[in-house]
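Please look at the model below with these notes beside it.

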Amino acid sequence: MTTDHAPLLSVQNLTVASATGGAPLIDGLSLTVRRGEVLALVGESGSGKSLTALSITRLLPRGLRITGGEIAFAGQDVLTMSPAALNRMRGAGIGMLFQQPQAMLDPTARVRTQVAEPLILGKGMARRAAFARVIDLMRNVRIPAPEARAKAHAFELSGGMAQRVMMATALAAEPELLIADEPTTALDVTVQAQILQLLKAEQARRNFAILLITHDLTVVQAFADRIAVMYAGRIVEEGPAAQIMADPQHPYTRALIRCSLLEPEADGRLLSIPGSGATARDIACGCRYAPRCHVVQGDTHLHHRCCGAEPGLIGLGTDHAVRCHASQTQASAA
């Protein structure tokens, strides 16, 4: 892995809201992705992870809009890019890998046609040369008999094979950053491991950066360099993956890790986080996680503090920060 000090992707104070008004769905989010690294954006469904990815590529669905903040990719302002510049960025700059590959593939088109599209449209390759390159790309992601599979239709592929085809398509234009949005969720455990191993191998070979979006911290453990934990439209903890997995500071991060690793309670029951994931719309004031936080329960002073004011994202050391009154109080006492 090779990185430099200038971030490849910089998101600062991003806010996303409905065009009809109301509380934001993403509220003041900041993150960076460095060249050649893997950043995992982790959180439950509804926390805003996928909206963050769609905001970065300016592909938000109708009815949602970016109302504040800055997004820069490779030093360019994404929010002021022309449609032509955005099209060049999507593919050659940023590739996308989605969680339901068969839904993203045209079932009526042959595989080679879909993998070749970014080569023909993005790189201007001739059709015959693009089809030849497709075979190499499919071989790189370990699709068996690539010549035969290239002539198949998408509906003939299994879920794991379809995800390999999507990976070949996303990497065809040689992007600097790959956004992988829950790329293994719809696959069985064995195929999940194969896809992640392939993705890691390709990333090491080509040295592109990855923004991995997932709810499963077991996926992150051996894959990511850094982790950013997201809750209700905010980053609540971020830092080196090994440090966060070994010593998580936010109660939500600790709960996610225990749930992902299937750690049981004292009575043998599997741990579950009480309540349901909040969105920024649900929060009037205070810490967004407070209604579900076991640390707050039974501590009157902490309860008043957590419910009265939202904590800031405070650094705890080199490249590690947390948004939690309890963790910050403990750090100050130490």
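1. Tyr 252 and Tyr 289 are both buried (under 20% relative accessible area with a 1.4 Å probe, protein chains only). The model is predicted: local features need pLDDT of at least 70 and side-chain atom pairs pLDDT 80 or more, while totals for chains, interfaces and linings use all residues. Residues are numbered from 1 along each chain as its sequence is written, and side-chain values use heavy atoms, with hydrogens and water left out.

2. The structure holds three aromatic pairs (ring centres of Phe, Tyr or the six-membered ring of Trp within 6.5 Å; planes under 30 degrees apart are stacked, over 60 edge-to-face, the rest tilted). In one of them, Tyr 231 and Tyr 289 have ring centres 5.2 Å apart and planes at 85°, so this pair is edge-to-face. Tyr 231 lies in strand E9 and Tyr 289 in the loop between helices H11 and H12, so the contact ties together parts 58 residues apart in sequence. Helices (H or I, at least four residues) and strands (E, at least two) are DSSP runs, numbered from the N terminus.

3. Tyr 231 is buried, as is Tyr 289. Tyr 252 and Tyr 289 form a tilted pair, 5.2 Å centre to centre with 55° between the planes. Here Tyr 252 belongs to helix H11, and the two residues are 37 apart.

4. The charged end of Lys 200 sits over the ring of Phe 223, 5.4 Å from its centre (NZ of Lys or CZ of Arg within 6 Å of the ring centre and within 35 degrees of the ring normal).

5. Strands E11 (residues 314-317) and E12 (residues 320-322) pair in the antiparallel sense over three bridges (pairing requires at least two bridges found by DSSP). Gly 317 stands opposite His 320, and Asp 319 in this hairpin takes a positive phi near 65°.

Note on methods. Buried means under 20% relative accessible area, exposed over 50%, partly exposed in between (1.4 Å probe, protein chains only).
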